[in-house]
Amino acid sequence: AAAAHNVSILLGGVIPVNYQDERKVLSPERVQDVAYLLAALVDRLRQADYGMSAVAIEMSNEPNGHWSTYIAPAVWAKLACATRDALDAKGLQHVLISGPGTSMGSDKPYLAALAAANGSRCIGILSTHSWESTTSKAGPHELAGMLRKYDAVRRQFDPQHEKIWIATETG
């Protein structure tokens with residue numbers, strides 16, 4: 001039903017609190033558990049009789065902050081690849097992983113960690129939050145400048161611009 005109406009679903013992942021320490025940090029030992037959980041969520045949506053399925057999943061929102069679940073860049077890269085493997089094992093190769101889901105100014109360590117882990121295969125969508133465009137009343141010119149800076153970071157991870165790039169939050 002969703003596909004018939006040209007609707008694409010990007011699921012947002014949530015890290016269970018019992019997988020976090022008291023500072024809301026994802027324990028590296030729980031990466032595989034989270035990956036299995038995320039793949040199970042996507043698979044459940046596929047199996048349910050809702051007439052829809054996810055085209056992508058964002059593993060967590062703003063992994064760079066403790067307001068949700070903090071995930072260190074290297075742990076996030078490991079989670080991205082573990083989630084990719086878990087999705088693939090369930091026959092969900094078509095489901096893309098979106099991330100890192102941080103502000104344009106905070107993406108660099110996450111993309112660098114993913115590149116260092118040879119994880120380009122793990123992420124299909126580069127997601128960013130462009131809240132920087134609201135720091136002044138400069139309007140589109142300020143956002144255009146931020147996009148140029150972000151593109152330089154993106155090129156280091158995705159030199160051929162093969163990945164989809166979306167703003168999952170904007171101001």
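## A guided tour of the predicted model

Start by selecting Glu62, which sits in the loop between strand 2 (54–58) and helix 2, where helices (H or I, at least four residues) and strands (E, at least two) are DSSP runs numbered from the N terminus. This is a predicted model, in which local features need pLDDT of at least 70 and side-chain atom pairs count only at pLDDT 80 or more, while totals for chains, interfaces and linings use all residues. Residues are numbered from 1 along each chain as its sequence is written, and side-chain values use heavy atoms, with hydrogens and water left out.

Glu62 has a positive phi of about 50° although it is not a glycine, and with a relative accessible area of 15% it is buried (buried means under 20% relative accessible area, exposed over 50%, partly exposed in between, with a 1.4 Å probe and protein chains only). Most residues other than glycine have a negative phi, and most peptide bonds are trans.

Select His161 next, in the loop between helix 4 (140–157) and strand 5 (164–170); its phi, near 55°, is also positive in a residue other than glycine, and at 36% relative accessibility His161 counts as partly exposed.

Now show helix 1 (residues 31–47) together with helix 2 (residues 73–89), whose axes come within 8 Å and cross at roughly 45° (axes are lines fitted to C-alpha atoms, for helices over the stretch in contact, and angles run from 0 to 180 degrees between N-to-C directions). That makes helix 1 oblique to helix 2, since angles under 35 degrees count as roughly parallel, over 145 as roughly antiparallel, 65 to 115 as roughly perpendicular and the rest as oblique. Among the residues that meet there are Val31, Tyr36 and Val42 in helix 1 and Val75, Lys78 and Leu87 in helix 2, contact meaning heavy atoms within 4.5 Å.

Finally, select Trp76 and Tyr110, both of which are buried. Their ring centres are 5.8 Å apart and their planes stand at 90°, so the pair is edge-to-face (rings of Phe, Tyr and Trp, its six-membered ring, pair if their centres lie within 6.5 Å; planes under 30 degrees apart count as stacked, over 60 as edge-to-face and the rest as tilted). The pair links distant parts of the chain, with Trp76 in helix 2 and Tyr110 in helix 3 (residues 108–116), 34 residues apart.
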